[in-house]
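Here are my notes on the model you sent. Please read them with the structure open.

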Amino acid sequence: MNEKFIILTTTGILGDAIKNIVKGDAHVDVVSLMGPGIDPHMYQTTPKDVQQFRRARIIFYNGLDLEDKMKDLLAKERKAYAVSEAINKAQLLFEDMFPVGIDPHIWFDVKLWKQVVGFISQKLQEVRPESAVYYQNNTLAYMEVLEQLHQSVTEQIQSIPEKQRVLITAHDAFGYFGKAYDIEVVGLQGISTVSECGLQDIKRIVALIIKRNVKAVFFETSVSDKSMRAVLEGCANYGHEVVVGGCLYSDALGAPNTLAGTYCGMVRANATTIVNALK
Ligand SMILES: [Zn+2]
């Protein structure tokens, strides 16, 4: 019996990138440990995951301590690659509030994600030379799709009047998104969901919403909405009306077979939610 070549990823977002590279290759299985709605900052390895690590032939993870609680296991795994290594230091966002001092949410700048896809494709071509040409062709086709996605998100966000371009979310997952698509991003909780949001943070955001007359704030699928509800309450106490613009996908894909079940779908869903609420 021919055993399958197992490619393991931490996040589903990475799994989706790989599915677009290996596309239906019957000799390969793509396994992602974190499903829809799972918060990677808090994710703890299960005994079943450890078995998956053993079975996997190659492992991809985000790195920059996104998988904070798994980092020791990942660091000692020789067949594991941190995809954030694909990105040039100058393109990373340095943020003191994160343990390694760098924002790990690199997937929300589609241009950076293209570099990650190229990096993964290269590694897969090395470990599966018999499929290298196939992977290479699939990668080129997917790069086109990503380029179009980048263009359309750029246009969508530009359609929001400049002074209304303020994105207020539960945690700072959208720093790269903001930089790439020219929208100011304010997170309630800091970059990692591990750090709790304090009363001071809530007061600061309420003041900002009132001062800038912000129309909407956003929930996130993989983060508790508790702090954001406190912000809404705070605004109401001052008689300032602000609505929930919707729920954004930040650190995890949507359910399989839904619009946001793929990387492209997730980015598109977010852009549409943001534009509809802020425009
Ligand atoms: Zn995050």
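1. Some terms before the helix pair. Axes are lines fitted to C-alpha atoms, for helices over the stretch in contact, and angles run from 0 to 180 degrees between N-to-C directions. Helices (H or I, at least four residues) and strands (E, at least two) are DSSP runs, numbered from the N terminus. The model is predicted: local features need pLDDT of at least 70, side-chain atom pairs count only at pLDDT 80 or more, and totals for chains, interfaces and linings use all residues. Residues are numbered from 1 along each chain as its sequence is written, and side-chain values use heavy atoms, with hydrogens and water left out.

2. Helix 7 and helix 8. Helix 7 spans residues 199-212 and helix 8 spans residues 226-237. Their axes come within 9 Å and cross at roughly 50°. That makes helix 7 oblique to helix 8 (under 35 degrees is roughly parallel, over 145 roughly antiparallel, 65 to 115 roughly perpendicular, the rest oblique).

3. Contact means heavy atoms within 4.5 Å.

4. Aromatic rings. Rings of Phe, Tyr and Trp (its six-membered ring) pair if their centres lie within 6.5 Å; planes under 30 degrees apart are stacked, over 60 edge-to-face, the rest tilted. The count comes to 8 aromatic pairs. One of them, F177 with Y181, is tilted, at 5.1 Å centre to centre and 50° between the planes. These two residues are 4 apart in helix 6 (residues 175-181), so about one helical turn separates them. Ring pairs also link F177 and Y181 with W107, F108 and F174 into a cluster.

5. Burial of that pair. F177 is buried, with a relative accessible area of 1%. Y181 is buried too, at 1%. Buried means under 20% relative accessible area, exposed over 50%, partly exposed in between (1.4 Å probe, protein chains only).

6. S121. This serine lies in helix 4 (residues 110-127). Its relative accessibility is 1%, so S121 counts as buried. Leaving aside neighbours within four places in sequence, S121 contacts I21, Y135 and T139.

7. I7. This residue lies in strand 1 (residues 5-11) and is buried at 0% relative accessibility. Not counting residues up to four places away in sequence, I7 touches I18, V22, V28, D29, V30, V31, I58, F60 and L124.
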